Amino acid sequence: HVEFLSRILKALRCVCFFCSRLRVDPDGPQIKAIIDTTRTSGTRRRRAIYDLCKAKTVCGWTDSGDDEGSKKEKPYVGCGRLQPKLRRRGLELTAEWQKLTDETQEKKISLSAERVAEIFKAIADDECRVMGMDPKFSRPEWMVISVLLVPPLCVR
């Protein structure tokens, strides 16, 4: 829906284009601090998560231990792929990669509503909660119109 286009773009910038996982660690200390401070406001939480995720260019994370000399790392989570730069021109969303990983990959593609809905449907419920949405009442894919009701002629 046109009204949700800016929110759709912000939600797309928070999740991976390929595996639909959050670009940051949902169990990390920064996320836990955001959740604690924005417990009652989903809008403030979405804004804070967006500010944290928008700078990430690779899906996944590793966390090295703070112990001296230890090389303990948290298991890698995510697909590890480079993320495209998402842009909006009018009513059209485009994804543009800065560095191409394959020679067959296109540098710039136009995002269809089906592709956006497919990305949103793969987001887990726990990650929806972290993003400031209640999966019982407001899933991200519900912002994309998939069924358009047309009344019969006698009612029009």
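**Entry 1: the largest pocket**

I began with a term: a pocket is an open set of grid points with protein on both sides within 12 Å along at least five of seven lines, and its lining residues have an atom within 4 Å of a point. The model I examined is predicted. I then looked up the largest pocket and found that 15 residues line it. Lys56, Thr57, Gln83, Pro84 and Lys85 lie nearest its centre. The space in this pocket comes to about 310 Å³. Strand 1, residues 85-89, gives the largest share of the lining, with three residues.

**Entry 2: the overall layout**

I next noted the secondary structure. The protein has five helices and three strands, and along the sequence they follow the pattern α-α-α-β-β-β-α-α. The protein holds 156 residues, of which 35% are buried. I also checked how far apart in sequence the contacting residues are. Of the contacts between residues at least 6 apart, 52% join residues at least 24 apart.

**Entry 3: the largest nonpolar core**

I looked up the largest nonpolar core and found 32 residues in it. Ile8, Leu12, Leu93, Leu111, Val116 and Phe120 touch the most other members. At least two residues of this core come from each of helix 1 (5-14), helix 2 (29-37), helix 3 (42-53), strand 2 (92-96), helix 4 (113-121) and helix 5 (125-130). The largest share, six residues, belongs to helix 1.

Leaving out residues up to four places away in sequence, Leu111 touches Leu12, Phe17, Leu86, Leu93, Thr94, Ala95 and Val116.

**Entry 4: helix 1**

Which residues of helix 1 are buried? I recorded Leu5, Ile8, Leu9, Ala11, Leu12 and Cys14. An α-helix has 3.6 residues a turn, so residues three or four places apart point the same way. The buried residues of helix 1 pack against helix 3, strand 1, strand 2, strand 3 (108-111) and helix 4.

**Entry 5: Gln83**

I returned to Gln83, one of the residues nearest the centre of the largest pocket. Gln83 sits in the loop between helix 3 and strand 1. Is Gln83 buried or exposed? Its relative accessible area is 8%, and buried means under 20%, so Gln83 is buried.

I then listed the polar contacts of the Gln83 side chain. One of its polar atoms lies 2.8 Å from the backbone nitrogen of Phe17. The side chain also reaches the backbone oxygen of Arg81 at 3.1 Å. Beyond four places in sequence, the residues touched by Gln83 include Val15, Cys16, Phe18, Arg23 and Trp97.

**Entry 6: Val15 and Ser20**

I ended with two residues in the loop between helix 1 and helix 2, namely Val15 and Ser20. Val15 has 1% relative accessibility and therefore counts as buried. Among the residues that Val15 touches, not counting those up to four places away, are Ser20, Gln83, Ile119, Ile123 and Met131. I also looked up a C-alpha separation: Val15 and Cys53 are 38 residues apart along the chain, and their C-alpha atoms are separated by 8.0 Å.

Ser20, at 3% relative accessibility, is buried too. I noted its phi, which is near 65 degrees, a positive value in a residue other than glycine. Most residues other than glycine have a negative phi.

Methods: Residues are numbered from 1 along each chain as its sequence is written. This is a predicted model: local features need pLDDT of at least 70, side-chain atom pairs count only at pLDDT 80 or more; totals for chains, interfaces and linings use all residues. Side-chain values use heavy atoms; hydrogens and water are left out. On a 1 Å grid over the protein atoms alone, a cavity is a set of points where a 1.4 Å probe fits but cannot get out, and a pocket is an open set with protein on both sides within 12 Å along at least five of seven lines; lining residues have an atom within 4 Å of a point. Grid points are joined across faces, edges and corners, and a volume is the space filled by probe spheres set on the points. Helices (H or I, at least four residues) and strands (E, at least two) are DSSP runs, numbered from the N terminus. A nonpolar core is a set of buried Ala, Val, Leu, Ile, Met, Phe, Trp, Tyr and Cys residues joined through side-chain atoms within 4.5 Å. Buried means under 20% relative accessible area, exposed over 50%, partly exposed in between (1.4 Å probe, protein chains only). Contact means heavy atoms within 4.5 Å. A polar contact is a pair of N or O atoms within 3.5 Å; within protein, one must be able to donate a hydrogen and the other to accept it, and residues adjacent in sequence count only if both atoms are side-chain atoms.
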